[in-house]
Amino acid sequence: MIEDSRPLALICGSGASILLPDMEHQESVEVTTPYGETSAPISICRLHGLTVCVLNRHGEGHTIPPHRINYRSNIWALAELGCKSAIGLATVGGIRADLISGSLMLPTQIIDYTWGRESTFFDGGSETIVGHLENANPYCNALRDLILLAANGSDIPLHDGGTYAATQGPRFETAAEIDRIERDGGDVVGMTGMPETALAAEKEICYASINLIVNPAAGRGDKEITVDEMREAWESGCENLRLLIKKSILELANCGTRSLPLNSHIMKM
Ligand code: HPA
């Protein structure tokens with residue numbers, strides 16, 4: 001365990017590590033887990049007196065596609081390092097009209113369209129009690145509130161609330177799939193939100209996600225989605241994202257992450 005009793009996990013996605021230069025890097029650790037290797041060694045950093053465990057979910061050099069990420073080992077390792085709270089960063093496609101490229105959204109809900117991923121720690125077996133996650137509110141409200149406070153206090157534009165649709169990938173969606181997701185209530189679409197969000201809750205980690213919109217979802221723009229377009233949107237939004245995370249870490253450091261209440265709970269049968 002890390003000495004500091006309240007480390008924050010920062011799980012980074014595409015365009016990861018934008019924050020590392022701002023933080024004091026202490027060491028990289030490899031954590032052995034019952035589920036195999038984490039996506040990458042975890043960088044232990046310090047900012048505003050808080051320990052931050054930074055993990056790149058796509059691995060070093062972006063070699064792990066969304067459906068191959070070992071979400072269980074990643075979350076298990078962060079829990080083992082003592083993380084009580086986690087911010088997951090994710091680039092997404094925008095479905096709702098006001099969620100334009102370059103903007104930031106703090107989701108409140110999630111719909112899981114993924115399949116075939118190892119998605120629970122409550123997997124049966126002789127030594128485990130069967131547990132069911134009560135998951136009506138999948139993101140931790142206390143952490144969301146701190147992130148909102150950070151945004152409002154620093155005039156960082158942040159859309160408060162929306163539904164993240166987690167698709168299987170790695171292919172992008174068809175326009176008809178996006179129509180269906182919109183009818184289901186999805187506001188943004190990404191490939192990594194599940195099972196990461198649920199696994200964090202199973203480990204009683206207070207988890208929130210910040211989404212950076214990098215393209216209009218399939219069929220929503222006036223042309224095909226391109227990597228250049230996504231890179232451009234990433235660059236236009238990443239300064240706000242970097243600032244928002246730094247300010248959020250400051251808010252967390254001020255309040256002490258240990259005290260953040262969870263809003264999911266585990267029902268043991
Ligand atoms: N769909 C799924 N995942 C994504 C997208 C998208 O349009 N943009 C960024 N990640």
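# Ligand shell, salt bridges and backbone features

Arg220 has a relative accessible area of 28% and is partly exposed (buried means under 20% relative accessible area, exposed over 50%, partly exposed in between, with a 1.4 Å probe and protein chains only). The model is predicted, so local features need pLDDT of at least 70 and side-chain atom pairs count only at pLDDT 80 or more, whereas totals for chains, interfaces and linings use all residues. Residues are numbered from 1 along each chain as its sequence is written, and side-chain values use heavy atoms, with hydrogens and water left out.

**Ligand shell**

- Around the ligand stand Thr91, Val92, Gly93, Phe172, Glu173, Val189, Gly190, Met191, Val214 and Asn215 (a residue is near a molecule or strand if one of its heavy atoms lies within 4 Å of it).
- By class, this shell holds 5 nonpolar, 4 polar and 1 charged residues (Ala, Val, Leu, Ile, Met, Phe, Trp, Tyr, Cys and Pro count as nonpolar, Asp, Glu, Lys and Arg as charged, and the others, Gly among them, as polar).
- Thr91 places a backbone N or O atom 3.5 Å from a nitrogen atom of the ligand, and Gly93 places a backbone N or O atom 3.3 Å from a ligand nitrogen atom.
- The side chain of Glu173 also takes part, with a polar atom 2.8 Å from a nitrogen atom of the ligand.
- The protein buries 95% of the 260 Å² that the ligand exposes when taken alone (accessible areas come from the Shrake-Rupley method with a 1.4 Å probe; for residues, only the protein chains shown count as cover).
- Two or more shell residues come from each of strand S5 (85-94), strand S11 (188-190) and strand S12 (206-216) (helices, H or I with at least four residues, and strands, E with at least two, are DSSP runs numbered from the N terminus).
- S5 gives the largest share of the shell, 3 residues.

**Salt bridges**

- The salt bridges number 12 (a side-chain nitrogen of Lys or Arg within 4 Å of a carboxyl oxygen of Asp or Glu).
- Glu182 and Arg220 meet through their side chains in a salt bridge, at 2.6 Å from N to O.
- This pair links distant parts of the chain, 38 residues apart: Glu182 belongs to helix H3 (residues 175-184) and Arg220 to the loop between S12 and H5.
- Glu182 is partly exposed, at 39% relative accessibility.
- Arg242 pairs with Asp22 in a salt bridge whose closest N and O atoms are 3.8 Å apart.
- Here too the pair links distant parts of the chain, with Arg242 in helix H5 (residues 227-255) and Asp22 in the loop between strand S1 (8-12) and strand S2 (24-29), 220 residues apart.
- Asp22 counts as partly exposed at 28% relative accessibility.
- A network of salt bridges links Asp22, Glu239, Arg242 and Lys246.
- In the salt bridge between Arg96 and Asp98, the closest N and O atoms are 2.8 Å apart.
- Both partners are partly exposed: Arg96 has a relative accessible area of 26%, and Asp98 stands at 37%.

- Val130, Met267 and Met269 form a nonpolar surface patch with about 290 Å² of accessible area together (patches are made of residues with over 30% relative accessible area and no salt bridge; like charges are joined within 9 Å, and nonpolar side chains, namely Val, Leu, Ile, Met, Phe, Trp and Tyr, within 5 Å).
- Met267, part of strand S13 (residues 265-268), is partly exposed, with a relative accessible area of 33%.
- Ile129 is located in the loop between strand S7 (109-112) and strand S8 (131-134), and is exposed at a relative accessible area of 53%.
- Ile129 and Lys268 lie 139 residues apart in sequence, and their C-alpha atoms are 6.8 Å apart in space.

**Backbone features**

- Gly169 and Pro170 are joined by a cis peptide bond with omega of about -5 degrees; Pro170 is in the loop between strand S10 (163-166) and H3.
- The peptide bond from Met194 to Pro195 is cis as well, with omega near 5 degrees; Pro195 is placed in helix H4 (residues 193-202).
- His48, a residue other than glycine, has a positive phi near 50 degrees. The loop between strand S3 (42-47) and strand S4 (50-56) contains His48, which counts as partly exposed at 40% relative accessibility.
- Asp155 is not a glycine, yet its phi is positive at about 55 degrees. Asp155 lies in the loop between helix H2 (141-153) and strand S9 (159-160) and is exposed, with a relative accessible area of 72%.

Terms used:
A polar contact is a pair of N or O atoms within 3.5 Å; within protein, one must be able to donate a hydrogen and the other to accept it, and residues adjacent in sequence count only if both atoms are side-chain atoms.
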